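Please look at the sequence and the structure first.

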Amino acid sequence: MTAPGRSRPTHVLANAPFRRLWTAMSVCSLGDWLNLLALTALAGNLTEGDYRVQSLAVGGVFVAKMLPAVLLGPLAGVFADRFDRRLTMVTADVARFAVVLSIPFVNSYQWVIIATILVECVNLFWVPAKDATVPNLVPKSQLESANQLNLLVTYGTAPVAALLFAALSVAGDLVTGLVPFFDGRDATSVALVVNACAYLVSAVLIFTLRDIPRRDGAISTPSVLKQVFEGWRFVGGNRLVRGLIIGMLGAFAAGGAVVGVAKIYVAALGGGDAAYGVVFAAVFVGMALGMFFGLRLLSGLSRRRLFGLAITVAGLVLVAIALVHNLVIVVMLTVALGACAGIAWIIGYTLIGLEVEDALRGRTFAFLQSTARVTLLLVVAVANPLAALFGVHEMGLGQLTYRFDGTNLVLVVGGALAVGVGVLALRHMDDRKDVSLAADLIAAVRGERFPAEAPEHVPGLFVAFEGGEGSGKTTQSRLIAIWLRDQGYDVVQTREPGSTKIGMRLRAILLDAAERGLSARAEALLYAADRAEHVEKVIRPALYRGSLVVTDRYVDSSLAYQGAGRALDPEDVSKINAWATGGLVPHLTVLIDTPPEVGLTRLGGAADRIESEPLEFHERVRKEFRALAAKAPERYLVVDGTQPQDAITRQIQDRVREILPDPVPHESEDATGTMPAIRD
Ligand code: TYD
């Protein structure tokens with residue numbers, strides 16, 4: 001046994017009783033997925049011939065599978081509590097075994113539906129009994145690991161089952177002619193027999209599990225519908241969460257549409273049950289790929305943007321799936337679809353985990369899970385009848401005929417919905433409104449983790465002043481701050497380095513002329529550290545309050561002094577600063593461009609560490625400042641620093657006035673008169 005606390009999820013498997021239960025759960029999950037595939041396939045096969053009947057038949061299986069949980073879920077939870085858990089599970093397993101085994105014998109559609117409902121009702125006892133047993137078998141500290149493992153097998157077995165189903169269908173085709181029992185039966189019979197045996201294996205495993213206490217403590221399972229209504233009251237008020245949930249449900253619904261109509265669609269493309277299994281597996285394989293690689297590949301992209309984008313692309317892929325009538329391409333597109341859905345899900349989950357406060361998080365997840373179930377039920381319940389209603393249409397295109405049937409329609413509608421939801425999410429949650437999505441994407445694919453970005457969409461206004469030594473920017477930034485305050489704005493005037501507690505200590509190190517030994521990289525990192533603190537503690541909070549922030553120096557100073565002046569790689573300096581600031585870029589940067597020989601002579605007092613650098617150093621700095629401004633003229637104002645002070649002030653005011661936030665303040669007189677004599 002491992003020490004509790006810092007254990008990895010798999011360490012809980014060292015616990016023999018839990019391992020046995022977990023094995024039983026894995027086998028059951030595998031059986032459940034096989035069951036879903038085999039029964040939908042069987043329903044399709046039993047009603048082959050009439051497209052409409054077939055669509056309805058497959059839809060019926062999905063509805064039969066989900067209805068008991070939605071309607072009777074809480075009831076069964078209460079019942080399960082009154083019985084011995086081990087016996088409940090064993091009995092349920094044996095019952096499931098018997099019912100599933102009977103399906104190939106009876107071989108009728110009615111029995112498929114009745115059997116499905118019976119199995120699901122039995123599941124309603126099995127699942128709460130299992131859930132209640134887990135805490136009996138594992139110590140509290142490992143409960144989370146145990147839950148993770150449960151989730152892993154619940155979904156992880158799906159692609160395994162899908163591939164197994166594909167293999168068993170092929171075997172089923174071979175066996176029907178060879179083995180007397182299977183003679184004349186449906187090709188899904190083999191899969192159903194294997195499915196039934198899985199429940200039997202679980203029964204044996206649990207029967208021999210002696211550590212389950214008879215019963216203790218109540219399991220309360222609130223009704224799904226109640227969870228949905230109550231949950232919405234909590235989450236509906238939060239804009240971000242609302243966007244996330246709508247997006248995630250949209251992605252879920254799109255996936256549901258595919259799963260719901262897959263059997264019929266695959267059949268229309270000439271694929272059999274094996275192909276159905278492969279398409280099903282493709283969704284899950286894609287999801288896994290999306291979750292693991294998609295995020296890594298696009299790690300530079302804003303999460304919120306990626307979320308909306310993934311859903312939009314999923315929608316487009318879905319439309320393509322509907323229109324391309326080629327099984328191989330459909331399978332490939334399905335992997336892509338799964339990848340997009342996987343990306344959206346994992347981002348949604350992570351964002352909820354990060355941005356929803358503790359007290360609400362549990363409910364948000366519960367809400368999400370219950371709404372996901374209801375959404376799936378609705379989608380599947382609507383998808384197949386809609387497909388049946390539409391029927392099959394063939395369009396003649398010269399020699400060729402193009403088939404467009406209800407399944408295609410459902411997929412197109414599902415795709416269009418997903419595109420709509422995705423675009424909505426992109427609009428609703430975009431945190432980088434001023435950067436084009438294309439530019440962002442290109443940067444992300446190229447692996448530029450921190451692309452240069454325009455100001456975030458914040459209520460405030462962010463103006464930076466830059467310039468060389470003695471350029472006059474400190475004086476000007478103060479004058480502008482006074483001018484803005486006079487107009488009634490809330491202004492935060494600040495500077496770098498040294499505007500926070502930590503920043504002051506960093507400033508002392510940085511500017512201390514005695515610290516001659518400071519290496520260029522350490523210097524760059526210290527400035528970036530000061531800036532990170534400055535952004536987090538001062539600038540960003542002020543911007544979010546809607547204040548106007550005027551800073552004396554910002555990232556460009558590092559690019560000029562450390563990048564060009566100290567000859568570090570400008571890319572590196574840019575990256576560490578983008579990381580330090582979280583990508584926050586000023587709305588406007590005012591560069592007061594003064595030749596160093598003029599600026600340096602303006603300085604009084606002892607030169608600090610940087611001021612005492614040679615003239616060439618300052619030349620390089622000036623050149624870099626000008627180059628930065630030339631690269632993005634829309635975000636810069638370059639003023640000639642050799643002009644008289646009030647001429648400079650006027651030019652800056654004219655430009656700032658253009659970008660002042662609403663309500664546009666009345667024209668005010670230029671700030672003149674009080675000219676604080678501040679050394680630059
Ligand atoms: P400060 O006394 O504030 O001077 P100034 O009035 O010129 O702004 O000192 C800031 C010094 O730090 C200045 O010489 C430039 C340098 N510096 C950098 O080298 N990199 C940076 O990122 C920043 C913000 C400043």
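Helices (H or I, at least four residues) and strands (E, at least two residues) are DSSP runs, numbered from the N terminus. Gly 472, for example, has its place in the loop between β3 (461–467) and α15 (473–486). The model is predicted, with local features requiring a pLDDT of at least 70 and side-chain atom pairs counted only at pLDDT 80 or more, while totals for chains, interfaces and linings use all residues. Residues are numbered from 1 along each chain as its sequence is written, and side-chain values use heavy atoms, leaving out hydrogens and water.

**Helix pairs**

Two packed helices are described by the angle between their axes and the distance between the axes. Here axes are lines fitted to C-alpha atoms, for helices over the stretch in contact, and angles run from 0 to 180 degrees between N-to-C directions.

| Helix pair | Angle | Axis distance |
|---|---|---|
| α3 (residues 85–106) and α6 (residues 189–207) | about 165° | 8 Å |
| α17 (residues 520–545) and α19 (residues 570–581) | about 25° | 8 Å |
| α1 (residues 16–46) and α4 (residues 109–137) | roughly 165° | within 11 Å |

Angles under 35 degrees count as roughly parallel, those over 145 as roughly antiparallel, those from 65 to 115 as roughly perpendicular, and the rest as oblique. Helices α3 and α6 are therefore roughly antiparallel to each other, and their crossing is left-handed, a term for a near helix turned anticlockwise from the far one by less than a right angle, with clockwise giving right-handed. Their contact (heavy atoms within 4.5 Å) involves residues including Met 89, Phe 97 and Leu 101 of α3 and Leu 192, Tyr 199 and Phe 207 of α6. By class, this contact of α3 with α6 has 17 nonpolar, 3 polar and 3 charged residues, where Ala, Val, Leu, Ile, Met, Phe, Trp, Tyr, Cys and Pro count as nonpolar, Asp, Glu, Lys and Arg as charged, and the others, Gly among them, as polar.

The helices α17 and α19 are roughly parallel to each other, as follows from their angle, and they cross in a right-handed sense. Ala 524, Leu 525 and Arg 531 are among the residues of α17 that meet α19, whose side includes Ile 576 and Asn 577. The contact of α17 with α19 has 7 nonpolar, 2 polar and 2 charged residues.

Helices α1 and α4 are roughly antiparallel to each other, and α1 passes α4 in a left-handed crossing. Among the residues making the contact are Phe 18, Met 25 and Asp 32 of α1, together with Tyr 109, Trp 126 and Lys 130 of α4. This contact of α1 with α4 has 14 nonpolar, 3 polar and 2 charged residues.

**Individual residues**

Asn 107 is in the loop between α3 and α4, and its phi is near 55°, a positive value in a residue other than glycine. A cis peptide bond, with omega about -10°, joins Glu 496 and Pro 497, and Pro 497 has its place in the loop between β4 (491–495) and α16 (501–511).
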